[in-house]
Amino acid sequence: MEKKSNSLKYATIAITLIIVLVMGIAIGVSFNNKNNSKLNSKTPTSANITVDQAKDIALKDAKKDFTKDTSLDTDIYVELDREDGKEVYEVSFYLDGVSYEYKVTTSDGKIIDKDREIPTNKDNTNTKKKISAEKAKDIALKDAKKDFAKDTSLDTDIYVELDREDGKEVYEVSFYLDGVSYEYKVTTSDGKIIDKDREIPTNKKADTNSSNTGKGKSIEQAKKVVLKDTALSEGKVTFTKQKQDIENRKPIFEFQFFTQTKEYEYEIDATTLEILEKEIELRNKVVDGNKNITQDEAKKIALKDANLSEKDVVIKKIELEVEKNYQAYEIEFYKGNKEYDYEIDVASGTILKLSWKLK
């Protein structure tokens, strides 16, 4: 009787331990699922490779073409794009006078395309230029300041690109100085200015000896305008381009960045911080849906998003575009000096892409 009692006692303990163990495993699985779900919500759906990693991959590959240590002539520029259905980083730069363009997949960092262009007069890839981009900036700025009787200061950063002019390798240097636009071409071999373009605004005194007319804004100020317009914080986006440029004789800031789901492009007036152009596009344009909306419905969706009514605009185009994995209506319309362009998914009515710019 006592043996039976002990056996029953041990059996009860064993069953209790098994129940506790099973419950512990279930709780652990549940806890892990919650944690994994939380992590996944913060992990990019496709871009496992960062912008900086893509830069490193391209630069490391390019340096294999040289027998000696080499250095960059310009910054490395990166854009997000698609190639044969794959999302890629387009990486471009000049290395020791040689132009490189790479396409690196965002998913695994694989180089799927490489374009290398050596100047025709370059004997080998180890020939060094005599002056740097920084030296070219100094040469151009020093020359520009001769046009002013008083001390002057820059309205914008100095922007430099490597290019060719009449068979010569040159730095193209552009900037605004006291409201006057300057563009220089400075030879990389000896720092000689072979071209200078100076444009004075029509409302500025021609002698350029007036006091400063007001300075341009910083790129950080422009970035705040962009982030405010998107209602995003800087920690939620990845920037692929932040630079100053000159377009139509005006200084501008250009921004490109992306989130887990969308790509963004902005142009900002460097003097007034006005948004001149913007574009927002879904990274994945294949959207589930069975609405099969009409052209008229697509038009209403676009106008509502732009906060405009049909009577306020001039409709330029409404066309059906048939792509490999989806169909969309492309809609273009105008309101005053503003041009709008929308791409609306037929199946779901989702806005796949929107852009507008000042004409």
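Guide: In this predicted model, four strands make up an open sheet whose order is β1-β2-β3-β4, with antiparallel pairing. The edge positions are held by β1 (77-83) and β4 (111-117); each has a single partner strand, so one side of each lacks a neighbour in the sheet. From one strand to the next, the twist averages 20°. The pairing of β3 (residues 98-105) with β4 is antiparallel and extends over six bridges. Within these two strands, Y100 is found opposite R116 of β4. A helix also belongs to this picture: α2 (residues 51-62) packs on the sheet and touches β1, β2 (86-95), β3 and β4. The direction of α2 makes about 55° with that of β2.

R116 leads on to the charged side chains. Side chains of opposite charge can pair when their charged atoms come close. R116 is part of a network of salt bridges that also links D61, D65 and K114. Over the whole structure, the search finds 25 salt bridges.

Two further pairs involve strand β8. D143 forms a salt bridge with K196, and their closest N and O atoms are 3.0 Å apart. D143 lies in helix α3 (residues 133-144) and K196 in strand β8 (residues 193-199), so that this pair links distant parts of the chain, 53 residues apart. With a relative accessibility of 17%, D143 falls under the 20% limit and therefore counts as buried. K196, at 35% relative accessibility, counts as partly exposed.

The second pair joins the side chains of D147 and R198 in a salt bridge, at 3.2 Å from N to O. D147 has a relative accessibility of 22% and counts as partly exposed. R198 likewise counts as partly exposed, at 34%.

D296 forms a salt bridge with K300, the closest N and O atoms lying 3.6 Å apart. Both residues belong to helix α5, and because they are four residues apart, about one helical turn separates them. D296 counts as partly exposed at 36% relative accessibility, whereas K300, at 52%, counts as exposed.

The largest nonpolar core has 32 residues, of which F255, F257, Y266, I268, I331, F333 and Y342 touch the most other members. Two or more residues of this core come from each of α4 (219-230), β10 (250-258), β11 (262-269), β12 (275-282), α5 (295-305), β14 (327-335), β15 (338-345) and β16 (351-358). The greatest contribution is that of α4, which gives four residues. For F255, the contacts beyond its neighbours within four places in sequence include I219, A222, K223 and V226. F255 is also in contact with F239, K241 and Q242, and with Y264, E265, Y266 and I268.

How values were computed:
Residues are numbered from 1 along each chain as its sequence is written. This is a predicted model: local features need pLDDT of at least 70, side-chain atom pairs count only at pLDDT 80 or more; totals for chains, interfaces and linings use all residues. Side-chain values use heavy atoms; hydrogens and water are left out. A nonpolar core is a set of buried Ala, Val, Leu, Ile, Met, Phe, Trp, Tyr and Cys residues joined through side-chain atoms within 4.5 Å. Buried means under 20% relative accessible area, exposed over 50%, partly exposed in between (1.4 Å probe, protein chains only). Contact means heavy atoms within 4.5 Å. Two strands pair if DSSP finds at least two bridges between them. Axes are lines fitted to C-alpha atoms, for helices over the stretch in contact, and angles run from 0 to 180 degrees between N-to-C directions. A salt bridge is a side-chain nitrogen of Lys or Arg within 4 Å of a carboxyl oxygen of Asp or Glu.
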